[in-house]
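Welcome! Please open the structure in your viewer and keep the selection panel at hand.

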Amino acid sequence: MNRLGIIAVVAAAIVAVALPFFLAPFGIYLISMWTVLTIAAIGLNLTLGYAGQVSLAQGAFVGIGAYCVALMTQAGWPYPFAFVCAGLLCFVIGWILGYPALRVQHHYLAFVTLAFTTLVFLVLRNEEWLTHGIYGIDGIARPTLLGWSTGEALDFYVFSLGALTVLAATTWWMLRSPWGRAFVALRENPIRALSLGLDTRRYTLMAFAIGSSLGGLAGALYAPLVQFIEPSSFALGLSFNLLLMVIVGGSGYFFGPFVGALIAVLLPEWLRVTQGYYLIVYAAAVMIMMALCPSGLLGLAERAAKAVLRRDPPPVAPLRIEVTEP
Amino acid sequence: MSAVLEVSNLRKTFGGITAVDDVSFEVREGEILGIIGPNGSGKSTLFNCVLGQLTPNQGEVRVDGRVTTGMRPCDLNRLGVSRTFQLLQVFPQLSVRDNLILAGQEHQGSMFSRLIGHPDAGLGPAAEQMIAFFRLSHLSDEQAGALSYGQQKLLDAAMAFMAGPRLVLLDEPAGGVNLTMLGNLRDRLQAYHAQRNATFVVIEHQMEFVMALCTRVLVLAQGRIIAEGTPQDIRRNPVVIEAYLGH
Amino acid sequence: MASFVQLVVSGLATGAIYALIAVGFTLLWQTSQTINFAQGEFVMLPAFFILASMNLGAPFWLAALIGIALSILVLGLLFKLVIVDPMLKHGVLPLVISTIALSLFLKESAKDFYSSQAQPFPALVPSTDVHVFGAVVSTQSLAVLAVAIATVVALHLLLNKTRLGRCMQATAQNPTLARILGIPVRRMVLYTFLINGALVAIASILISPIYLAKFTNGETLGMAAFLAAIIGGFNQVRGAILGGVILGVLDNLSAAYISSQYRGAFPLLILIAVILLRPQGLLGRIEERTV
């Protein structure tokens, strides 16, 4: 990362810490939601942006994590244990969901994960003995950790921001390790990677499992944040939204999900002047951006920064290589 | 001299077409074996069967006496069999250095020890050495996709050598490379061979390149081996001349 | 038994509509690698074109023609020029994202500019029941089947019996070779978009009397099109037809005999099974490729 990038990240961190002191409770709720969505989007960015596996199931994992925590805490289990269980459960399910990815790629994988999301929704809606069906689960308590109650909006924000920081740092560290290089290799040229001794099967499953477990952990924060969950919150719409967040922010950029989630949270507020039309405006903006800059806002920022800082001739366009499947 | 690679009675069919027809040969330690043949003679299919990219219908492949037929390419690679590709196959968004580290990292420790180990898997100096050997030092921080075609070919070869392989299979290394770069590539391959007593198998169209590089040549036509010998023998062999020039 | 026949006939009718949608979907995929996530919304929208024309005083038959024409223009031509063409150079994924955004855009537009309430939609024929082999079958189902079959036959004739159709198939199978043979590839690709525009409009006319015209219709219809296309085989028009019919019949039978709560789940389980066991689809071709 260059100096400009470090300055931007430090400035953003200061804003993230200082901001709640200037906000009303609803504002604090919004930025808490941002931390939760960012965690889910970081997971999807790992699967999609780094390892190149298209997934439309991230919303379902948020749902699984949320229901896991809600049901366990209401059954009397301590929150931290439920939190870890949500992550582990989604890791295992994500690993299993990764198997189709070994056989099929791209659009097929999108459809398998899409089918999975719908199946999860149906189970959440129909298995009333477990999930209370369409009535959802009400009155999910915010956790008390080592005597510190996160019941107040500000306290919960501090908690979720802390969780985001820890999870993001862990992901950063993993992406810096040889695993990060292996994930990118998987995205760019799986056949060549295989011929260099890279066990593409294990890395693909791992990318799916870790990405999904981050989705589950996001869900584990989502449930106590909103305190009421119902199946339709985790239908296909959420998976689509998370996908848009990753792409709009910049897929394959570490900080892309932070930006994408911020826009997803703030845009409905900013576009309130357009009344009901904000989704139309949002959808149109996404289409325009895909046409002009498919690498997302951070891709755009990087291009702008390069143009301003270097002022040297534009770099040679990367050679595109057609990869054929075996 | 022991055989590094033994291929026996290999056959591969696609529908009704027999692309490789009962081919047997062996590669001895330290030699550079060339495999030539007109278009469609089955060279690439043979390569892909040996390397585990395709499953042969019949026959056996052994590396150092161990049967490898049906093994996945990644396991084969970790046994020390490495390859380059006919079409360019580097990782365009990774830097040249990262391309090389990647080529070596899966040979270091286990998957989990790599996760908690050093980001460059302890391969930084080795990667720089390999980059220097292929005279790409000035480019080691560039994205591989920004390199010229010839430079990418060199990088591709460097990646194949990175893990110190027992056997390297080069699939048309000279294809599409200009004459200067071709000389450069041949020079590097020969230097590497001389330094490490490495074992190569080269598939190539470019006759001059094969004749200058290889110690022994096999000629393939219509899926069968029709001739074998030193480059000088092959050049004079009437069967080969006919296969290439037709009737 | 009588109710079984009834279920199968109405299942065939729904399945025939799914097939129309799926055929358009696979055509776009074959010729331009466009995975149209907005295909369901493409079916939802023409009903509103038609309703709007009728509100302006046009009789149903004229409104239907206007609807089809508008659909070809907007969902065929404009879709290709404005959304797909600028994206092609970026590859498959950005285009997928763009069509997801487009589906949201169309859905919200229909809601905000027309109505969020389900709108009654005129049926092709008056709804009466006829008795076939002791079973009661609605004339609506039969009319839907007739129109859908006629459309598929017409499309089949176009693709297989005319020079234009063969050029389009050549474009779908091997664009590079088609270009070398002098086929105007770009125009052929455009034609498939126009055909898709017509197919979704016809499907819209057939399905809207049953489901009513509602902005959320696209969600289930789009899903049905994906499922049908994948179950049948992505690279085959015949596969999409088979997939659509299987899906429609299965949907009706499973809802009646197994579990109405999980009726949505069966097609998904079949999808996962097909993808795992026969990823090329029931009628698809295997393509063994080498490096």
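Predicted model: local features only at pLDDT ≥ 70, side-chain atom pairs only at ≥ 80, totals over all residues.

Residues are numbered from 1 along each chain as its sequence is written, and chains are lettered from A and ligands numbered from 1 in the order in which they are written.

**Stop 1: chain C as a whole.** Select chain C and colour by secondary structure. You will find 11 helices and two strands; here helices (H or I, at least four residues) and strands (E, at least two) are DSSP runs, numbered from the N terminus. Following the sequence, the pattern reads α-α-α-α-β-β-α-α-α-α-α-α-α. The radius of gyration of chain C, taken over C-alpha atoms, is 19 Å, close to the 19 Å from the globule rule for 291 residues, so chain C is as compact as a globular protein of that length. That rule is 2.2 Å times the number of residues to the power 0.38. Along its principal axes, the C-alpha trace of chain C spans about 55 × 50 × 35 Å.

**Stop 2: helix H8 of chain C.** Now select residues 185–211 of chain C. The 27 residues of H8(C) should span 39 Å at 1.5 Å a residue, and the end C-alpha atoms are 38 Å apart, which agrees; the expected span is 1.5 Å times one less than the number of residues. Where does H8(C) kink? Look at C:Ile205, where there is a kink of about 30°, shortly before C:Pro209. The bend is the angle between axes fitted to the seven residues ending there and the seven starting there. Just after H8(C), C:Leu212 has a positive phi of about 65°.

**Stop 3: where chain C meets chain A.** Show both chains. The contact takes 34 residues from chain C and 34 residues from chain A, with two residues in contact if their C-beta atoms, placed from the backbone, lie within 7 Å. On the chain C side, H3 (60–87), H4 (92–113), H9 (217–232) and H11 (265–277) each supply at least two residues. H4(C) gives the most, with 14 residues.

Stop 4: Finally, select residues 216–221 and 224–229 of chain B, which are strands S9 and S10. These strands run antiparallel and are joined by five bridges. B:Leu218 stands opposite B:Glu228 in S10(B). Two residues lie between the strands of this hairpin, and B:Gln222 in the turn has a positive phi of about 50°.

Definitions and conventions
Pairing = 2+ DSSP bridges.
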